Amino acid sequence: MKINRLSGVAALAAASTFAAADITSETQNFSFPLSPGGTTLNFAQFDTLGGTRELCKVTFEFDATVQGQVTAENDSSLPAPNFGVQLTGFLTLDVGAPAVLSGFGGINEVASQGVGPSDGNTGSGPDFHDFGLLSDNISGMDMTTLLADFAQFIGGGTVPVAIAGSAGFSVSGTTDSSLDITNLGASGSVTITYEYKIVPAPASVALLGLGGLVAGRRRR
């Protein structure tokens with residue numbers, strides 16, 4: 001009975017070693033013009049360090065801003081008291097199977113005083129409004145815990161993350177208008193986090209078991 005009890009303690013110690021967990025993460029920034037536009041980031045694969053680390057979970061996160069400088073002009077013969085513009089943005093991250101993340105953003109901006117009817121002069125006057133820099137945030141997160149999906153993340157190479165985005169503006173409050181957009185683009189960051197557990201070398205596990213047996217024999 002004593003041998004069994006001590007062997008059980010050794011097995012428990014080995015199990016607790018396997019259960020030890022830790023994380024490592026990498027963050028990269030991106031920026032590109034729209035629309036559409038895109039870029040590819042290359043992240044380091046997870047290194048098992050000779051089989052002493054076992055990958056348990058991969059988490060992907062992104063946080064981005066879509067923005068542009070916007071001016072608009074009422075080309076109608078009627079005033080536009082609710083003259084406004086709408087920004088819509090869409091961003092996707094393709095990390096390969098199985099993860100494709102996407103996010104959608106939108107913002108409405110209305111000229112506080114409205115605008116008057118068209119005065120025939122482009123880029124100025126009571127029918128013109130400068131909305132300034134309009135922006136919106138887009139973010140997303142996903143994770144995978146399936147062992148079958150880890151192959152692309154393990155090794156000494158890289159994990160390519162393809163980012164694609166699009167954005168556009170529209171005018172409301174009038175039947176006819178002109179819209180001018182400059183510096184339209186997306187920027188942000190992507191983070192990949194690997195959660196893993198420490199795996200003891202086979203020799204270490206054998207020594208734990210042997211230690212339990214030796215202790216049991218001595219107690220006998």
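N108 counts as exposed, because its relative accessibility is 57% and exposed means over 50%. This value comes from a predicted model.

**N108 and its surroundings**
- N108 is part of strand β5, which covers residues 100–110.
- Leaving out residues up to four places away in sequence, N108 touches V85 and Q86.
- The C-alpha atoms of N108 and V85 are 6.0 Å apart in space, although 23 residues separate the two in sequence.

- Strands of a sheet pair through backbone hydrogen bonds, in either a parallel or an antiparallel way.
- Here four strands form an open sheet with antiparallel pairing, in the order β2-β7-β4-β5.
- β2 and β5 are the edge strands, since each of them pairs on one side only.
- On average, neighbouring strands of this sheet are turned by 15° against each other, with direction ignored.
- β2 and β7 run antiparallel and are joined by eight bridges.
- N42 has P160 in β7 as its bridge partner.

- In soluble globular proteins, nonpolar side chains tend to be buried together.
- The largest nonpolar core in this model has 40 residues, and L91 and I163 have the most contacts inside it.
- Several strands each supply at least two residues of this core, among them β1 (21–33), β4 (84–94) and β7 (158–172).
- β3 gives the largest share of this core, with eight residues.
- Beyond its neighbours within four places in sequence, I163 is in contact with residues including F30, L41, L91 and V190.

Technical notes
Residues numbered from 1 in each chain as written. Predicted model: local features only at pLDDT ≥ 70, side-chain atom pairs only at ≥ 80, totals over all residues. Heavy atoms only, no water. Core = buried A, V, L, I, M, F, W, Y, C linked by side-chain atoms within 4.5 Å. Buried < 20%, exposed > 50% of the residue type's maximum accessible area, 1.4 Å probe, protein only. Contact = heavy atoms within 4.5 Å. Pairing = 2+ DSSP bridges. Axes fitted to C-alpha atoms, helices over the stretch in contact; angles between N-to-C directions.
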